[in-house]
Amino acid sequence: MKHVCIVCDGHWDQLQGGAELQLDLLSRGLSESDFKVTYICRDRGTGFTDNPVTVIGLKIAPIVAKVFYPYQILLAGKLIRTLDRLNPDVIITRVASAFTGVCAYFGRSRDIPVVWHVANITDLIPPKRKLDRTYPMHMLNNAAMKYGIRRVSHIVAQAQYQDDLLKELFGRTADVIIPNFFPPMTAASAEKSSTSTVLWVANLKPKKRPEDFIWLAQQFLHVSNVEFVMVGRSDPSEYQLKLQALIDDTRNLTYLGEVPVQKVNQLMAQACIFVNTSDVEGFPNTFIQAWMNQLPVVTLSFDPDSVLVDNTLGFCSGSKEQMRKDVTYLLENKADAKLMGERADAHAQAHHSIESNLSAYMSLIESVAK
């Protein structure tokens, strides 16, 4: 039985992001396929649910994590000692951080293969940082991250554009491209609401540009029988408070906060259009969820590998005004929207099923395991 050790800062039980969801699906799938799986992450103190995967939480005082953010390099010693004790056959790490560098160093020193999976375009092109108190830790984190990307033994990309960036920026080539995957939707998910619902799902961060979705909703205040729904985690920052004020002033917009992934599926089952306004992404899990619910996707600027445009699964608008026109078209041309949704579902089943992509991962592990 091969022992696979997964390393990521967050775990789905405590931090519900796209990378964490993919690793939760991967770890459970490997465990059900006769792999021994251990998941190492930072322990945020809220516990872990019972599952077939062994979870080991690395503890750091919350005040230390806040003051010295990003703090991952401070956990290097604990991570190395844990990996040394476990002595796995393969290490899989996702999201670029100091953990990437630590895993690469450990793997090279112990002759253990390390697979790094790109999670976001910012893994390859880190955003510029302001000269504030976090700047030194960000620079240290970036140095460890770049060391790791250059020295991990194997790399998995989500899409071709990430492989192109790897070649351009690091002189590396992805060993394999494995798209994000998602469990199949139930048959009941085909039921659509009589009201035309336009849905947006993401954390309310500046890079997700939620204010552009609020602007979109405001353009349809005069249109009857159309509602806009926002879903995502927020925090009590000044930015979030300004967003909430805009939301409160937009009568056709409902903000539901953070909801479980099952509830997101239910909302998608009742919606007619999914909108994404992000500046940067990796390959959004929400695209796959929307496709499996037969939703056309309208994205403001992000279309990985031109998958939406080339396969006619929706629109990549390029501007807010064009986004308004694209949403209007889909609302007024329901037959075309239905065809797009059906194509989207077929595309998701063909390229993002959990069975085929889990099989690709298992083949990779078997080929690189010591």
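**A salt bridge across the chain**

Author: Aspartate 212 is buried, because its relative accessibility is 7%. This is a predicted model. Aspartate 212 forms a salt bridge with lysine 320, and their closest N and O atoms are 4.0 Å apart. The pair links distant parts of the chain. Aspartate 212 sits in helix α8 (residues 210-218), lysine 320 in helix α13 (residues 320-332), and 108 residues separate them. Lysine 320 has a relative accessible area of 33%, so it counts as partly exposed.

Now take a pair within one helix. Aspartate 24 and arginine 28 form a salt bridge, with 3.2 Å between the closest N and O atoms. Both lie in helix α1 (residues 18-32); they are four residues apart, so about one helical turn separates them. Aspartate 24 is buried, because its relative accessibility is 8%. Arginine 28, at 27%, is partly exposed.

Helix α9 (residues 238-248) holds another pair, glutamate 238 and lysine 242. These are also four residues apart, about one turn of the helix. Their side chains meet in a salt bridge of 3.7 Å, N to O. Glutamate 238 is exposed, because its relative accessibility is 60%. Lysine 242 is exposed too, at 53%.

These pairs are among the 14 salt bridges found in the whole structure.

How values were computed
Residues numbered from 1 in each chain as written. Predicted model: local features only at pLDDT ≥ 70, side-chain atom pairs only at ≥ 80, totals over all residues. Heavy atoms only, no water. Helix = DSSP H or I, 4+ residues; strand = E, 2+ residues; numbered from the N terminus. Buried < 20%, exposed > 50% of the residue type's maximum accessible area, 1.4 Å probe, protein only.
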